[in-house]
Protein chains: 2
Amino acid sequence: MRRFVVVGHDAPTTPDFPLDDLPGSAGRLDVLARAVIEALLHSHGIRTQTRLWLVLGDEISIRFDGNALRNLHPDERSTAALIRSALERRSEAIGHRPVEVSPGLEVRRWGLATVLEELAEDGTVLRLTEAGDPIAEAEQPTDPIFILSDHRDFSPEEDSLLDQHADASYSLGPIGLHTTQAITIAHNWLDTAGFRVY
Amino acid sequence: MRRFVVVGHDAPTTPDFPLDDLPGSAGRLDVLARAVIEALLHSHGIRTQTRLWLVLGDEISIRFDGNALRNLHPDERSTAALIRSALERRSEAIGHRPVEVSPGLEVRRWGLATVLEELAEDGTVLRLTEAGDPIAEAEQPTDPIFILSDHRDFSPEEDSLLDQHADASYSLGPIGLHTTQAITIAHNWLDTAGFRVY
């Protein structure tokens, strides 16, 4: 199982945002929608062994499960509508319990600390940062959990949570990347394990 | 210099398409707009040593030059507006001559054959295809020219042009990828040359 956690800093935590202005008044929700698309779709369909978590405003977490999701299309608007449908159900998420919004789509009242604690139990937490070791030289773990930020850097609080939970820190290359580009390259790193000719 | 050529099969060759329905009535122009964004932008700015060519309907070619472009933003709509502004000037492109639409943006009446002939003169043409050799094991050429298709496969005619002009055929991995994902991984392959720890 591959998992990606994307931390959204400006994204809405309530469903009252316009689908027509994702980069603007919806707080760069276009970045998060594209992250969902990049994490879960390849050219021939869905990645069934992948889950994508969005952590919004450190209070709401939305989980997209490639194994159960229906109706995920490679366009920002319909993906943002899925995010909105999850936010519409947020008040039903009480305590630790998730709400199943539709097949493969769940919403929880979890901040980043809870997400990291829960996920780290059965996977290897990998922080992606320009200061990390070159990922191309690293071993691919069985159950990687990649932690990424949106268009902003991690806050000092998030960084110290990652210090606590990350099993390794990797760099994808010497050039700063968009969130979606980082997801694509991380997938490719896993996809091509054992694919090389020696 | 890195160059990417993306062949658009359904995309418009005239400017009368709606910016509000890029995936639909604009012939998947969203795919081509995202290809421009992925090829030319990283998280800290523009890739000045990269050019992206769009070949539309095998009759119009639009060239985006990272070294001169202004006002490229990471959203599909404003990028599609740039494509439209180039198509509005297409009738001024006579014979082999380009029209400069705005800094770094040119339009030509060139089909794929002409683009390949012109570009192959001072670069290494690389076909990206699932049947190629694993790219991770290949040497990075000085002036790579990547040829990609949009959401459709290359036509038999395009394939035979590529047979004629391609210096090598590479696969980016065992999983079929979107055009934008392929661009991201090709860039990363070049970015990380010499970046590995041995």
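Start with helix α4 of chain B, residues 156-165, and color Glu158(B), Leu161(B), Leu162(B) and His165(B): these are buried. Keep in mind as you click around that this is a predicted model.

The buried residues fall within an arc of 100 degrees, so they line one face of the helix. Here's a handy bit of background: an α-helix has 3.6 residues a turn, so residues three or four places apart point the same way.

Next, pick Pro156(B), Asp163(B) and Gln164(B). Buried or exposed? They're exposed, on the other side of α4(B).

What do the buried residues of α4(B) pack against? Select β1 (2-8), α3 (112-120), β8 (124-134) and β9 (144-149) of chain B to see their packing partners.

Time to zoom out and show chain A as well. Here 35 residues of chain B are in contact with 35 residues of chain A. Together the two chains bury about 3000 Å² between them, with 59% of that on carbon and sulfur atoms.

Polar contacts do turn up: 10 residue pairs across the interface.

Finally, stay on the side of chain B that touches chain A. Select α1 (29-40), β2 (41-42), β8 and α5 (179-191) of chain B, the elements that each give two or more residues to it. The largest share, six residues, comes from α5(B). Color this side by residue type and you get 12 nonpolar, 12 polar and 11 charged residues.

Conventions: Residues numbered from 1 in each chain as written. Chains lettered and ligands numbered in written order. Predicted model: local features only at pLDDT ≥ 70, side-chain atom pairs only at ≥ 80, totals over all residues. Heavy atoms only, no water. Buried < 20%, exposed > 50% of the residue type's maximum accessible area, 1.4 Å probe, protein only. Helix = DSSP H or I, 4+ residues; strand = E, 2+ residues; numbered from the N terminus. Arc of directions from axis to C-beta. Contact = heavy atoms within 4.5 Å. Buried area = accessible area lost by both parts, 1.4 Å probe. Polar contact = N/O pair within 3.5 Å; in protein donor to acceptor, adjacent residues only side chain to side chain. Nonpolar A, V, L, I, M, F, W, Y, C, P; charged D, E, K, R; others polar.
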